[in-house]
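Trainee: I have a model open on my screen and would like to learn how to read it. Could you take me through it feature by feature?

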Amino acid sequence: MKAIRMVAPGKVLELQEIPIPSFGEADVLVRVRAAGICHSDAHYRAGRSPMGMLPITLGHEVAGKVEAVGSQVRSIKAGERVCLHYNISCGDCYYCKNGIEQFCTTVKMIGHHVDGGYAEYIAMPARNAIHLPDEISFEEGATLMCASATALHALRRGRVKDGETVAVFGVGGLGMSAIQLAKALGAVEVYAVDIKRDKLELASEYGAIPIDASRMDAAEEIRRLTKGKGVDVGLEMIGLPVTMKQTVQSLGPLGRAVIVGLSQVPFEVDPYRTLIGYEAEIIGSNDHLLQELPILIDMARRKILDTSHVVSQTIPLDADKVNQRLDDLEIYTNDVRAVIVQSA
Ligand SMILES: [Zn+2]
Ligand SMILES: [Zn+2]
């Protein structure tokens, strides 16, 4: 089969002819129909993150049709449309058995530690394959597996409930999903903080109250708009110390600040005013869980979550085109999202 593979850090990806992967009795073999090209893939290709093996087929946002199933697989049949949870956990360790498989000691990510979906076929444990309803295209299904799922997990970490208010700092792909999902979870008001006007406009179309942080202090503005109360949940999706600080400063009593954006730089908190006084919480959120994906897919099926704006370009399984897209991602910070699409 054809696969687009990383052969060395910092080198362009290459189209290689490799065997169709073999699969075990608890696995499924999936004919890939869509594979999202993610910003992380640009980091991987550049060598900014250690890979599990080389050469390796990239691609962790994958949807397709089940080609064949292992002898023990009962949950899924050949011919079924599926999308794939990208983290392969052991299913057997202390963490897996307690439903927190993201801490599995041997977790492997497709397209990072093992071969991913920039290929004609991929083999996966059957429990990683989630049914994809006909109403959702393969392209959308693939992209749901990354940013949208991570946004849902962050909202669940923040325990967003009916009648609450939410502030989303950074409304790229993650943030735009977070706005819609927050509303679906019952948030009455969602504030969208960004410095890019086009993103703020799109956020308002999804019902958020835009705050242009290039022109004002976002935390003060949230405090003003909530008549001094602050928000119940703040989501930081940028990864900057200054926005992390503002996320905490935006909270009201019993508020929860969920930090999603990656950073290794410390950020400042005023413990007396913002944490102790309000009994506020600062919560870390990392990735998402297999069990959250069916919930997310159901929201997309019912159009509560509209991801039609996410996929901006489809390309064939072509190394030059994929490399070009990864070059684009290195230059732009925009969330223009291309998906590799293959016909059956
Ligand atoms: Zn991704
Ligand atoms: Zn495990």
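**Reading strands, metal sites and contacts**

Mentor: Happy to. Let's begin with a strand pair: β1 (residues 2–6) and β2 pair in the antiparallel sense, joined over four bridges. Within that pair, Arg5 has Glu14 of β2 as its bridge partner. Keep in mind that this is a predicted model.

Trainee: In what order do the strands of that open sheet run, and which pairing do they have?

Mentor: The general idea is that strands of a sheet pair through backbone hydrogen bonds, either parallel or antiparallel. Here three strands make an open sheet in the order β2-β1-β4, and the pairing is antiparallel. The edges are β2 (14–17) and β4 (56–57); each has a single partner strand, so one side of each is left without a neighbour in the sheet.

Trainee: And how many strands does the open sheet with parallel pairing have?

Mentor: That sheet has six strands, in the order β13-β12-β11-β14-β15-β16. At its edges stand β13 (209–212) and β16 (281–284), each with a single partner strand, so one side of each has no neighbour in the sheet. From one strand to the next, the twist averages 20°.

Trainee: Are the residues of β11 buried or exposed?

Mentor: For burial, look at relative accessible area: under 20% counts as buried. In β11, five of its five residues are buried. Then check each face: Thr165, Ala167 and Phe169 are on one side, Val166 and Val168 are on the other, and all are buried.

Trainee: Which strands does helix α6 lie across?

Mentor: Helix α6 (residues 218–225) lies across β11 (165–169), β12 (189–194), β13, β14 and β15. Its direction is at about 145° to β13.

Trainee: Let's turn to the metals. Which residues are the protein donors of the zinc ion (ligand 1)?

Mentor: They are Cys38 (SG), His60 (NE2), Glu61 (OE) and Cys146 (SG), lying 2.1 to 2.3 Å from the ion. After the distances, look at the angles. Around the zinc ion (ligand 1), the four donor atoms subtend angles of 95 to 125°, which makes the arrangement tetrahedral.

Trainee: How are those donor residues of the zinc ion (ligand 1) spaced in sequence?

Mentor: The spacing is C-x21-H-E-x84-C. Glu61 belongs to strand β5 (residues 61–69) and Cys146 to helix α3 (residues 138–157), so this pair ties together parts that are 85 residues apart in sequence. Glu61 and Cys146 are both buried.

Trainee: What coordinates the zinc ion (ligand 2)?

Mentor: Its donors are Cys90 (SG), Cys93 (SG), Cys96 (SG) and Cys104 (SG), at 2.3 to 2.4 Å. The angles that these four donor atoms subtend are 104 to 115°, which makes this arrangement tetrahedral. In sequence, the donor residues follow the spacing C-x2-C-x2-C-x7-C. Both Cys96 and Cys104 are buried.

Trainee: Now for single residues. Is Thr150 buried or exposed?

Mentor: Thr150, in helix α3, has a relative accessible area of 11%, so this residue counts as buried. Next, list the contacts: beyond residues up to four places away in sequence, Thr150 touches Tyr86, Leu174, Val260, Asp287 and His288. With His288 there is a polar contact between the two side chains, at 3.2 Å.

Trainee: What does Arg157 count as at 37% relative accessibility?

Mentor: Arg157, also placed in helix α3, counts as partly exposed. Leaving aside neighbours within four places in sequence, Arg157 is in contact with Val258, Ile283, Gly284 and Ser285. The Arg157 side chain reaches the backbone oxygen of Gly284 at 3.1 Å.

Trainee: How far apart are the C-alpha atoms of Arg157 and Val233?

Mentor: They are separated by 9.9 Å, while the two residues are 76 residues apart along the chain.

Technical notes: Residues are numbered from 1 along each chain as its sequence is written. Chains are lettered from A and ligands numbered from 1 in the order in which they are written. This is a predicted model: local features need pLDDT of at least 70, side-chain atom pairs count only at pLDDT 80 or more; totals for chains, interfaces and linings use all residues. Side-chain values use heavy atoms; hydrogens and water are left out. Two strands pair if DSSP finds at least two bridges between them. Helices (H or I, at least four residues) and strands (E, at least two) are DSSP runs, numbered from the N terminus. Axes are lines fitted to C-alpha atoms, for helices over the stretch in contact, and angles run from 0 to 180 degrees between N-to-C directions. Contact means heavy atoms within 4.5 Å. Donors are N, O and S atoms within 2.8 Å of the metal (3.2 Å for Na, K and Ca); water is not among the atoms, so sites may look incomplete. Four donors count as tetrahedral if all angles lie between 85 and 135 degrees; four count as square planar and six as octahedral if opposite donors are over 155 degrees apart and all others between 65 and 115; anything else is irregular. Buried means under 20% relative accessible area, exposed over 50%, partly exposed in between (1.4 Å probe, protein chains only). A polar contact is a pair of N or O atoms within 3.5 Å; within protein, one must be able to donate a hydrogen and the other to accept it, and residues adjacent in sequence count only if both atoms are side-chain atoms.
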